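Please consult the sequence and the 3D view while reading the points below.

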Amino acid sequence: MTESTRNADVLIIGGGLSGTMLAVQLLRLPGRRQILVIEPRAELGRGEAYSAVELGHTLNGNAARMSVDPDNPDDLTQWLTEHIAAGGWPESAEQAVPISELFPPRGLFGVYAQQRLAEAKARSASTVEHVRAEVIDVQVDADSTLLTLDNGQQLRGNFAVLATGMFPAARTPQTHSSGVNAAAVDPWDVATMRRLDPRSTVLIIGSGLTMVDAVVSLEQAGHRGPIEIFSRHGLLPHVRRQPPAWDDFLAADPALRSPRQLLRELRRQCTIAQAQGIDWQAPLDTVRVHIGPLWSQASEREKRQFVRHVRPWWESHHHRSPP
């Protein structure tokens with residue numbers, strides 16, 4: 001241990017949404033503890049997903065589905081109601097639907113998460129500190145975890161949590177000779193897209209939700225040229241609708257575990273729903289609460305099976321696009 005080593009009760013590696021909301025839950029617990037969140041970004045609560053600033057980059061779930069409070073599923077709806085009443089997000093008036101059915105901009109969702117963190121800090125005897133650095137080494141022993149940061153500092157904690165989430169996509173270096181028109185462009189970088197020839201051809205590799213964001217960015221940048229999308233499976237995200245409630249068939253039959261069993265039963269449930277005139281998305285939406293336990297109890301072979309054979313269809317059907 002060096003002189004620069006700091007001690008804390010809990011170390012959270014990553015300060016995006018998951019790391020920030022973990023800090024909120026720890027702040028709500030009785031007692032006093034010191035929590036350090038190690039995050040190289042300037043702000044907590046945003047991460048890769050919620051750093052987008054354009055209004056067109058929205059959540060892919062409506063407000064009623066996106067509460068950060070597990071004890072209050074209406075928390076985001078309530079926060080949005082107050083925020084809109086105070087003059088925030090005036091563009092929401094263009095959508096003639098209840099606030100619970102709005103798809104908020106992801107940047108606004110980041111503000112919501114940050115406010116919930118600030119409120120939890122104000123009410124707690126515990127403390128949360130943002131350490132702006134990157135963890136480059138983790139050493140775990142029987143009693144604690146030692147982190148080494150890119151600035152040379154070391155942090156030791158009784159507990160450490162990995163909350164690294166999504167990593168930014170690798171960027172193709174731009175050469176001086178090629179210029180912006182031959183460069184790889186960040187899907188959310190509208191300013192750079194405005195420098196493109198608006199009639200040029202844009203190639204997008206991948207057809208998931210990030211592709212949808214990239215098309216929205218191009219539209220907001222004034223691009224009018226052809227867009228070509230390359231994908232191994234050619235599956236586009238389905239549009240998210242608001243289906244009625246469906247019985248939790250996985251809770252009723254805990255024996256359903258393997259990817260093959262899950263796929264067969266889910267297809268059967270969707271067929272039953274359609275035969276009753278109910279949206280097939282209703283049975284699919286009951287699976288979400290079981291994802292963590294199902295993945296953690298799956299064998300390595302079952303995980304590989306899912307990734308190889310099921311994942312593309314799962315992503316296009318479950319990770320659906322906002323309207």
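Arginine 264 is placed in helix H7; helices (H or I, at least four residues) and strands (E, at least two) are DSSP runs, numbered from the N terminus. The model is predicted, so local features need pLDDT of at least 70 and side-chain atom pairs count only at pLDDT 80 or more, whereas totals for chains, interfaces and linings use all residues. Residues are numbered from 1 along each chain as its sequence is written, and side-chain values use heavy atoms, with hydrogens and water left out.

**Positive patch**
- Arginine 264 counts as exposed because its relative accessibility is 59%; exposed means over 50% relative accessible area, buried under 20%, and partly exposed in between (1.4 Å probe, protein chains only).
- Together, Arg260, Arg264, Arg301 and Arg304 form a positive surface patch.
- Helix H7 (259-275) and helix H10 (300-318) are the elements that give two or more residues to the positive patch.
- Like charges are joined within 9 Å, and nonpolar side chains (Val, Leu, Ile, Met, Phe, Trp, Tyr) within 5 Å.

**Nonpolar patch**
- Val215, Ile227, Ile229 and Leu236 make a nonpolar surface patch of about 300 Å².
- Valine 215 lies in helix H5 (residues 209-220) and is partly exposed, with a relative accessible area of 30%.

**Paired strands**
- Strand S1 (residues 6-13) pairs with S2 in the parallel sense over 4 bridges; pairing requires at least two DSSP bridges between two strands.
- Isoleucine 13 stands opposite isoleucine 38 in S2.
- In strand S2 (residues 34-38), 4 of the 5 residues are buried.

Key: Patches are made of residues with over 30% relative accessible area and no salt bridge: like charges are joined within 9 Å, nonpolar side chains (Val, Leu, Ile, Met, Phe, Trp, Tyr) within 5 Å. Accessible areas come from the Shrake-Rupley method with a 1.4 Å probe; for residues, only the protein chains shown count as cover. A salt bridge is a side-chain nitrogen of Lys or Arg within 4 Å of a carboxyl oxygen of Asp or Glu. Lys and Arg count as positive and Asp and Glu as negative; His and the chain ends are not counted. The place of a charge is taken as NZ of Lys, CZ of Arg, CG of Asp or CD of Glu.
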